[in-house]
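Here is a short briefing for a first look. Please have the sequence and the model open as you read.

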Amino acid sequence: MRITVTVNGQPYTREVEPRLLLVHFLRDELGLTGTHWGCDTSNCGVCTVQLDGVPVKSCTVLAVMADGREVTTVEGLERDGELDAVQKGFVECHGLQCGFCTPGMLLTARWLLDRNPDPDEGQIREAISGQLCRCTGYENIVRSIRWAADASHSQEARQ
Amino acid sequence: MQVPAKFEYERADSVPHALQLLERYGPEARIVAGGHSLIPMMKLRLAQPEALIDINGLASELGRIAVEGDELAIGALVRHAELLDDVTATDLFPIFRDAERVIADPIVRHRGTVGGSLCQGDPSEDLSAVFAALRATAVIQGPGGTRTVPVRQFHQGPYETAVEPNELLIQLRVPITPGTGSAYEKVERRVGDWPVAAAGAVITVSDGVIAQAGIGLTAVGAEHFCAPEAEQHLIGRAPGEEVFAEAGRIAAEHCEPHSDQRGPADYKRHLAAELTRRALARANRNVPGSATV
Ligand SMILES: Cc1cc2nc3c(=O)[nH]c(=O)nc-3n(C[C@H](O)[C@H](O)[C@H](O)COP(=O)(O)OP(=O)(O)OC[C@H]3O[C@@H](n4cnc5c(N)ncnc54)[C@H](O)[C@@H]3O)c2cc1C
Ligand code: FES
Ligand code: FES
């Protein structure tokens, strides 16, 4: 089946089998290996991408379901060579160790801040509760997202 | 790597089109909504449909939540996250807020749908208990038109529902009764997990006594996800801790939990009683205008 998916602003047309999962379409067909692939059972959340702006677990979405729609992966977060505030937050606050969970965490963090620019700790923890991190104990991930919220505020204040 | 077996894929562009496609592909075709029960089963080859009919494009027909007369209508394609965010629904029925906050995790809730939950018919499905407690009605559409089935008759056994292979669940309708409070209580092993046990309660208080009661139970082998004997005990009595505890005890007596990796049967039975009691007490507290008991 022929599908066209807009990934990080760029349309890609490919012939795919209906049974191809979105995670493999992104990684194997498009070479966008920033989207990780872990449990394969919709539990760990490392495969999280945004589908029309909403985080979803791409191991449980068929590529054909994304036909005609927009996908954002971690590769699409930076703008004109500048990292997104959530990426900077993870750098500043040591929000990753091995980095396996990080792309998914970043896309959920971006979605959260778009919806709620000033989330409290509870709201951040709730937002990322469908994603597992084996390294950080989550503390620094929460701090990183809070850092991004604060950075965005102070940027607005300056403008 | 888990890969589903091969299947044909069709995208429906209207409810009648979906029904035509079901007719064309026959009983080996399956509807896919959020896909968060069906796709994992296909990946494990526990399900091998010959064709998938995707209804995700039908949000304008099946994705609405609206008050219609004295009922709240919830489209089958409403996502868990949309129900949780819908203030009209969660203010009318706090049981939705309670339950949706603990169904799966926020990312899964972006995809999974209300209709998919009911049609999946998993014996641990949270929304089956919620809609049973609310005495909702399911609206089903087939080649011959629409028909309605009370949710309490919708589930005919594990993974078996009243929806025929050539039909679509299109809507859930929940009666709105003044003076009604509702709540949901669930015990899970960890965030995002299916319930060890859960109970929902809906009570209507009129002139100081319980005029109507609905109790929904999931994961504990309650027939049709409800507890009619316990509901009967409540009718005509003044709401209070002792009455609620007795209803919990009766509910637990009539369910049939099984031991599994989520816990032993006697623990689940204990939870059925305790969670019913707690849900009733909280439902009573949020009856509009109620004095706290
Ligand atoms: C990690 C994880 C954790 C979860 N935890 C919970 C939990 O704690 N509690 C809980 O209750 N659920 C849980 N779920 C299940 C979740 O609620 C699913 O989203 C839901 O069961 C199915 O909804 P869906 O839209 O994804 O259905 P799908 O997977 O698309 O479909 C499920 C079944 O229903 C049929 N179907 C779907 N829509 C219709 C329709 N309109 N008419 C006729 N047939 C239809 C399909 O053909 C299929 O047989 C979890 C799921 C996952 C992946
Ligand atoms: S790989 Fe998708 S949730 Fe784990
Ligand atoms: S940084 Fe290693 S899993 Fe999160």
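Is Ser58(A) buried or exposed? Ser58(A) is buried, because its relative accessible area is 0%; buried means under 20% relative accessible area, exposed over 50%, and partly exposed in between, with a 1.4 Å probe and protein chains only.

This is a predicted model, in which local features need pLDDT of at least 70, side-chain atom pairs count only at pLDDT 80 or more, and totals for chains, interfaces and linings use all residues. Residues are numbered from 1 along each chain as its sequence is written, chains are lettered from A in the order in which they are written, and side-chain values use heavy atoms, with hydrogens and water left out.

**Around Ser58(A)**

- Ser58(A) sits in the loop between β4 (54-57) and β5 (70-72) of chain A. Strands (E, at least two residues) and helices (H or I, at least four) are DSSP runs, numbered from the N terminus.
- Leaving aside neighbours within four places in sequence, Ser58(A) contacts Leu21(A), Leu22(A), Val23(A), Thr35(A), Cys47(A) and Val49(A). Contact means heavy atoms within 4.5 Å.

**Between the chains**

- Chain B gives 31 residues to the contact and chain A gives 33.
- The area buried between chain B and chain A is about 2,500 Å², and carbon and sulfur atoms give 60% of that. Buried area is the accessible area (1.4 Å probe) that two parts lose on being put together, summed over both.
- Six salt bridges are counted between chain B and chain A. A salt bridge is a side-chain nitrogen of Lys or Arg within 4 Å of a carboxyl oxygen of Asp or Glu.
- Arg115(A) and Asp85(B) meet in a salt bridge, at 3.2 Å from N to O.

**Salt bridges within chain A**

- Asp84(A) and Arg110(A) form a salt bridge at 2.7 Å, N to O. This pair links distant parts of the chain, 26 residues apart: Asp84(A) is in the loop between β5 and α2 (85-92), and Arg110(A) is in helix α3 (residues 102-115). Both Asp84(A) and Arg110(A) are buried.
- Arg125(A) and Glu121(A) also pair, at 2.7 Å from N to O. Both lie in helix α4 (residues 121-127), four residues apart, about one turn of the helix.
- Arg125(A) forms a salt bridge with Glu139(A) too, with the closest N and O atoms 3.1 Å apart. Arg125(A) lies in helix α4 and Glu139(A) in helix α5 (residues 139-158), so the pair ties together parts 14 residues apart in sequence.
- Salt bridges that share partners join Glu121(A), Arg125(A), Glu139(A) and Arg143(A) into one network.
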